[in-house]
Amino acid sequence: MHTKLSPRMAVVGVSPTAEISNKLRTIAARGADVINLGEGELDFPTPAHICEAGIAAIRTGDTKYTAVSGTAALKAAIARKFKRENGLHYKPSEIIAGTGAKQLIFNALLATLDEGDEVIVPAPYWVSYPDMIRLAGAEPVVVPCKAEDGWKLTPADLARALTSRTRWVILNSPNNPTGAVYTLTELAELERVLVDHDAMVLADDIYEHIVHDGSFSAPAAAMPSLFDRILTVNGVSKGYSMTGWRLGYAGGPEWLIDAMDILQSQSTSNPSSISQAASIAALDGDMSFLADWKQQLSARREQVLTAVAAIPGFTAIPTPGAFYVFVNCTGLFGRRTPAGVMLSSDLDVANYILETSHVGMVHGSAFGMPGHLRIAYAIDDARLAEALSRMTETIAKLA
Ligand SMILES: Cc1ncc(COP(=O)(O)O)c(C=O)c1O
């Protein structure tokens with residue numbers, strides 16, 4: 001059969017997290033006991049009151065198309081959330097809900113980017129940004145951040161990267177894959193650089209609720225002089241353990257929200273009516289479950305940092321947010337596996353650990369930062385302990 005793909009497909013690859021999960025499934029199919037430290041989601045169930053709201057929506061026939069950008073009731077709940085938690089004031093016309101934060105980011109980029117445009121992407125970055133930017137015809141300008149700077153973009157590096165072609169600067173705090181969280185002061189410093197340019201800011205706040213030390217500052221609130229050109233993207237996936245419900249939302253200038261609405265109207269349409277109803281319960285509801293989740297996650301973070309510190313060849317800096325530890329594994333380069341193969345990249349290390357101990361992790365190159373591994377620790381305590389002990393053992397076997 002003759003197949004012909006669009007040249008567009010040359011600029012995208014399979015998400016590396018999906019790739020790891022696929023590899024692990026193949027190994028598990030051979031009967032091995034695999035542990036996935038590659039997945040970007042919490043292991044906790046969606047809180048019961050949220051599930052009940054979803055079930056009630058099904059039972060009461062709330063199962064039809066809604067307005068493309070979300071129901072008035074959901075937008076009102078999102079507006080309340082922005083005001084209550086972030087001190088941000090968005091009108092319903094400045095709010096859109098979509099099928100996950102991912103779709104909203106994609107729509108925002110597609111609606112605004114053109115050939116020759118640039119988007120500043122601090123690295124390490126969430127794997128999807130560069131591919132989405134390229135799909136929209138523009139160029140990602142990757143700006144490497146350093147562990148010494150807490151994995152955060154410095155004002156000097158931002159100033160150097162900005163050009164007349166910069167359309168967006170992406171700020172993801174708390175960050176995937178590092179867990180870095182920008183403080184109010186750091187955001188104010190970046191604001192001072194951006195004020196002299198007309199680039200927009202895409203604030204990806206999806207991990208807002210997972211901050212272990214210190215507090216979260218929304219860029220749109222911390223950079224008031226830029227408010228009119230910030231798109232705040234958030235969603236229920238991470239903070240409420242609702243990744244499968246596919247509900248994200250964004251607040252931003254009306255002209256942009258309108259364009260995203262038009263794109264959505266010709267592609268996915270409204271996010272699931274059931275998920276919208278459940279998300280109202282999430283956003284308006286009691287969040288006391290979060291304290292317990294964060295306590296468990298903090299304990300796991302300590303467990304990972306302690307194990308990593310005890311592995312010769314591994315180093316990691318503690319970061320305040322999300323549920324990831326980003327490990328420098330360059331200390332293992334040049335070492336040999338029992339089969340005599342020399343490790344010379346993060347992918348080699350990830351593959352060695354995967355094949356010998358059946359523990360899966362995403363390698364740093366996938367996040368634009370070679371020489372590292374991302375450990376996602378939002379899994380059951382006992383399984384995490386098992387994964388860390390297997391990893392420690394298999395690394396000890398390197399010559
Ligand atoms: C930084 C970041 N942004 C956005 C998303 C997408 O979230 P959603 O499930 O709402 O599409 C993820 C998911 O892993 C993420 O890590």
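Modeller: First, the labels. Helices (H or I, at least four residues) and strands (E, at least two) are DSSP runs, numbered from the N terminus. Residue numbers start from 1 along each chain, following the sequence as written. This is a predicted model, with local features requiring pLDDT of at least 70 and side-chain atom pairs counting only at pLDDT 80 or more, while totals for chains, interfaces and linings use all residues.

H4 has 13 residues and spans 19 Å from first C-alpha to last, close to the 18 Å expected at 1.5 Å a residue. The expected span is 1.5 Å times one less than the number of residues. Is H4 enclosed or open? Of its 13 residues, 11 are buried, so H4 is largely enclosed by the rest of the structure. Buried means that 20 or more other C-beta atoms lie within 10 Å of a residue's own; exposed means 12 or fewer, and partly exposed is in between, with C-beta atoms placed from the backbone.

Helix H3 (residues 72-86) is next. It has 15 residues and reaches 20 Å from first C-alpha to last, close to the 21 Å expected at 1.5 Å a residue. Its buried residues are Leu74, Lys75, Ala77, Ile78, Ala79, Lys81, Phe82 and Asn86. Their cover includes strand S2 (95-98), helix H8 (219-222), strand S8 (248-251) and helix H10 (273-284). After H3 comes glycine 87, with a positive phi near 65°.

Some backbone details follow. Two cis peptide bonds deserve a look. One joins alanine 123 and proline 124, with omega about 0°. Proline 124 is in the loop between strand S3 (118-123) and helix H5 (128-135). Another joins serine 173 and proline 174, with omega about -15°. Proline 174 is in the loop between strand S5 (166-172) and helix H7 (184-194).

Arginine 246 has phi near 55°. It lies in the loop between strand S7 (230-235) and S8. Arginine 246 has 19 other C-beta atoms within 10 Å, which means it is partly exposed. Serine 269 has phi near 60°. It lies in the loop between helix H9 (254-265) and H10. With 14 other C-beta atoms within 10 Å, serine 269 is partly exposed.

Now the domains. The assignment gives domain 1 (7-45 + 289-396) and domain 2 (48-284); such bounds come from an automatic or database domain assignment. Their C-alpha centres lie 26 Å apart. Across the boundary, 32 residues of domain 1 are in contact with 31 residues of domain 2. Contact means C-beta atoms, placed from the backbone, within 7 Å of each other. On the domain 1 side, helix H1 (16-29), helix H11 (289-309) and strand S9 (324-328) each supply at least two residues. H11 has the largest share, 5 residues. The domain 1 side divides into 17 nonpolar, 10 polar and 5 charged residues.

Last, the core. The largest nonpolar core has 122 residues, and Leu202 and Ile375 have the most contacts inside it. Both domain 1 and domain 2 contribute at least three residues to this core. A nonpolar core is a set of buried Ala, Val, Leu, Ile, Met, Phe, Trp, Tyr and Cys residues joined through C-beta atoms within 7 Å. Neighbours within four places in sequence aside, isoleucine 375 contacts Leu37, Val304, Tyr324, Val325, Val327 and Met361.

Terms used: Two residues are in contact if their C-beta atoms, placed from the backbone, lie within 7 Å. Ala, Val, Leu, Ile, Met, Phe, Trp, Tyr, Cys and Pro count as nonpolar, Asp, Glu, Lys and Arg as charged, and the others, Gly among them, as polar.
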